[in-house]
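Please work through the exercises below with the sequence and the model at hand.

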Amino acid sequence: MNRLRFLIPLGVFGLLVIVLAIGIARSPDKGTIVSPLLGKPAPEFSLPNLLDASQTVKSSDLRGRWYVFNVWGTWCFACREEHNTLLEIKHQAVVPLIGMDWKDAENDPLGYLQQSGNPYDVIAADKDGRAAIDWGVYGAPETFLVNDKGIVVYKYVGAMTRQVWEKEFLSRLPPRPESKS
Amino acid sequence: MIRSGLVAATLAILVLFTTLAQAVDPTQMPTPQLQQRYLALTHELRCVQCQNEAIADSPVDIAADLRRQVREMLLAGKTDEDVRNYMVARYGEFILFRPRMSAKNLWLWLTPGVLILVGAFVAVRIISQRSHLVPQDNEPLEEDIRP
């Protein structure tokens, strides 16, 4: 027994390595906050329609179907990066794409959409950033997937790419999505 | 002379940084009590974008929005715990610089205590073993010294 005592520190060290390795392997991408909204109902909101301020975009209007909720702003570089991917996604027409223009009033989001194309089915304008806080947004672009029961199923932080879209979003959508949009 | 120069320099630096701090967050709450709670809360909530800063110290937009939220909730008569719960519901435990005790991180809180117990056990064992050794060591030594 005593002759094997030197193994104790070795064992403790090995245990430490295992714990740290699990921690590193399971930690999300550096700086990404895991949203507490996952598995919970999407936040309620009621915001002016960016394209027609006399109309309101309400979360209750979206109930009962899957949708993708994308938070963007013209001031956000990564949003411009993902713009073409979003246009492709819109072209696939598998799920409605709801945009939320985040704190963008002093810029020209309409001009930007006219120039680069509008990938969204409808866009809510969050001028003062209150709705973004409800969604736990901390850096655009952020993209949420909400299911037909209004539950947030997935959240992606950063510029959308085709790989992410296929791997994380398309795979979570029901096999034969209804083309209601 | 040198000392008064040092004092002046220290004061100058302090004043400089106070103005910097005010530049980030000029908020004044209506009463000193509210101001104190506001400052405490904004210092214990993490800026979610620049994650090593508190929202009180961060010049970025989202920190200003979160500070506004804290201010409005305090003015509306909410408790500090209401504000924390509000933030945690949206951004997760991560937004708190001081994590709460929960079933999920209980082991994190208990591990130091367990380690202290293990350390104390080991120390007691070593000490008691050594104290057994002491008389055995002394006896032959005393005989040698005796004339």
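**Exercise 1: One face of a helix**

In helix 3 (residues 109–116) of chain A, A:P109, A:Y112 and A:L113 are buried, where buried means under 20% relative accessible area, exposed over 50% and partly exposed in between, with a 1.4 Å probe and protein chains only. The model is predicted: local features need pLDDT of at least 70, side-chain atom pairs count only at pLDDT 80 or more, and totals for chains, interfaces and linings use all residues. Residues are numbered from 1 along each chain as its sequence is written, chains are lettered from A and ligands numbered from 1 in the order in which they are written, and side-chain values use heavy atoms, with hydrogens and water left out.

Task: Within what arc do the buried residues of helix 3 of chain A fall, seen down its axis?

Solution. 
- Step 1. Helices (H or I, at least four residues) and strands (E, at least two) are DSSP runs, numbered from the N terminus.
- Step 2. Seen down the axis of helix 3 of chain A, its buried residues fall within an arc of 95°, so they line one face of the helix. The arc is that of the directions from the helix axis to the C-beta atoms.
- Step 3. On the other side of helix 3 of chain A, A:Q114 and A:Q115 are exposed.
- Step 4. The buried residues of helix 3 of chain A pack against strand 3 (67–72), helix 2 (77–92), strand 4 (97–102) and strand 5 (122–126) of chain A; contact means heavy atoms within 4.5 Å.
- Step 5. Just after helix 3 of chain A comes A:G117, with a positive phi of about 95°.

**Exercise 2: Helix pairs in chain A**

Task: At what angle do helix 2 and helix 3 of chain A pack, and which residues of the two helices meet?

Solution. 
- Step 1. Two packed helices are described by the angle between their axes and the distance between the axes. Axes are lines fitted to C-alpha atoms, for helices over the stretch in contact, and angles run from 0 to 180 degrees between N-to-C directions.
- Step 2. The angle between helix 2 and helix 3 of chain A is about 50°, and their axes are 12 Å apart.
- Step 3. Helix 2 and helix 3 of chain A are therefore oblique to each other. Angles under 35 degrees count as roughly parallel, over 145 as roughly antiparallel, 65 to 115 as roughly perpendicular and the rest as oblique.
- Step 4. Helix 2 of chain A passes helix 3 of chain A in a right-handed crossing. A crossing is left-handed if the near helix is turned anticlockwise from the far one by less than a right angle, and right-handed if clockwise.
- Step 5. From helix 2 of chain A, the residues A:C79, A:R80, A:H83 and A:L87 meet A:Y112, A:L113 and A:S116 of helix 3 of chain A.

Task: How do helix 2 and helix 5 of chain A cross?

Solution. 
- Step 1. The axes of helix 2 and helix 5 (residues 162–170) of chain A come within 10 Å and cross at roughly 45°.
- Step 2. That makes helix 2 of chain A oblique to helix 5 of chain A.
- Step 3. Helix 2 of chain A contributes A:T85, A:E88, A:I89 and A:Q92 to the contact, and helix 5 of chain A contributes A:R162, A:W165 and A:L170.

**Exercise 3: Backbone details in chain A**

Task: Where does A:K103 lie, and is A:K103 buried or exposed?

Solution. 
- Step 1. A:K103 lies in the loop between strand 4 and helix 3 of chain A.
- Step 2. Phi of A:K103 is near 45°, a positive value in a residue other than glycine.
- Step 3. At 17% relative accessibility, A:K103 counts as buried.
- Step 4. Leaving aside neighbours within four places in sequence, the contacts of A:K103 include A:W75, B:D61 and B:D65.

Task: Which residues does a cis peptide bond join?

Solution. 
- Step 1. The cis peptide bond joins A:A140 and A:P141, with omega about -5°.
- Step 2. A:P141 lies in the loop between helix 4 (130–134) and strand 6 (142–146) of chain A.

**Exercise 4: Chain B**

Task: How many helices and strands does chain B have?

Solution. 
- Step 1. Chain B has 5 helices and 0 strands.
- Step 2. Buried residues make up 27% of the 147 residues in chain B.
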